[in-house]
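Good morning, and thank you for joining this group meeting.

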Amino acid sequence: MPSQETIYTRFQKIVSRYPDNEALAILHDGRYELISYRELDERVRRFSFALVEHGFKTGDKLGILVDNSIEWVTADLACAHLGIIVIPLHTSYNEHYVKQVITHSGFKHVVVGEQHADKLAKALQ
């Protein structure tokens with residue numbers, strides 16, 4: 001019988017086994033920001049709660065237009081936890097392509113990094 005393990009359940013096993021180990025190291029302003037599995041799990045739980053509070057449920061779609069970052073990983077794991085479908089929007093996409101993805105994917109909400117807000121606004125015009 002195939003394993004029923006998901007990305008999120010695997011993540012939870014690692015959190016429980018290695019809570020204080022470094023999960024991520026993200027270069028920010030020339031320095032690495034280190035995040036433990038425990039801290040990443042706390043961020044994922046908070047973001048998951050916020051998604052539920054905003055009415056998200058299993059099968060809904062969420063666009064993500066954020067640079068490679070702790071926020072991207074957090075949003076992706078929260079979606080995996082809740083069964084939300086992630087629609088990744090690479091930050092190198094131009095406004096025209098972002099609009100195409102929005103139109104064809106059917107997502108209604110997007111997490112957007114501040115530095116990409118103008119691109120999203122132009123794509124939505």
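Let us begin with two helices. Helix H2, residues 37-53, packs against helix H3, residues 70-82, at an angle of about 60°, and their axes are 8 Å apart. Please bear in mind that this is a predicted model. How are H2 and H3 oriented to each other? An angle from 65 to 115 degrees would count as roughly perpendicular, and one under 35 as roughly parallel; H2 and H3 are therefore oblique to each other. Their crossing is right-handed.

Which residues make this contact? From H2 come Leu40, Arg43, Val44, Phe47, Ser48, Leu51 and Val52. From H3 come Ile70, Glu71, Val73, Thr74, Ala75, Leu77, Ala78, Cys79, His81 and Leu82. Sorted by class, the contact of H2 with H3 comprises twelve nonpolar, three polar and two charged residues.

I now turn to the sheet. Three strands form an open sheet in the order E4-E3-E5, and the pairing is parallel. Which strands stand at the edges? They are E4, residues 85-88, and E5, residues 109-112. Each of them has a single partner strand, so one side of each is left without a neighbour in the sheet. From one strand to the next, the twist averages 30°.

Strand E3, residues 61-65, pairs with E5 in the parallel sense, over four bridges. For Ile64, the bridge partner in E5 is Val111.

Thank you for your attention.

Notes. Residues numbered from 1 in each chain as written. Predicted model: local features only at pLDDT ≥ 70, side-chain atom pairs only at ≥ 80, totals over all residues. Heavy atoms only, no water. Axes fitted to C-alpha atoms, helices over the stretch in contact; angles between N-to-C directions. Parallel < 35°, antiparallel > 145°, perpendicular 65-115°, else oblique. Left-handed = near helix turned anticlockwise from the far one by under 90°. Contact = heavy atoms within 4.5 Å. Nonpolar A, V, L, I, M, F, W, Y, C, P; charged D, E, K, R; others polar. Pairing = 2+ DSSP bridges.
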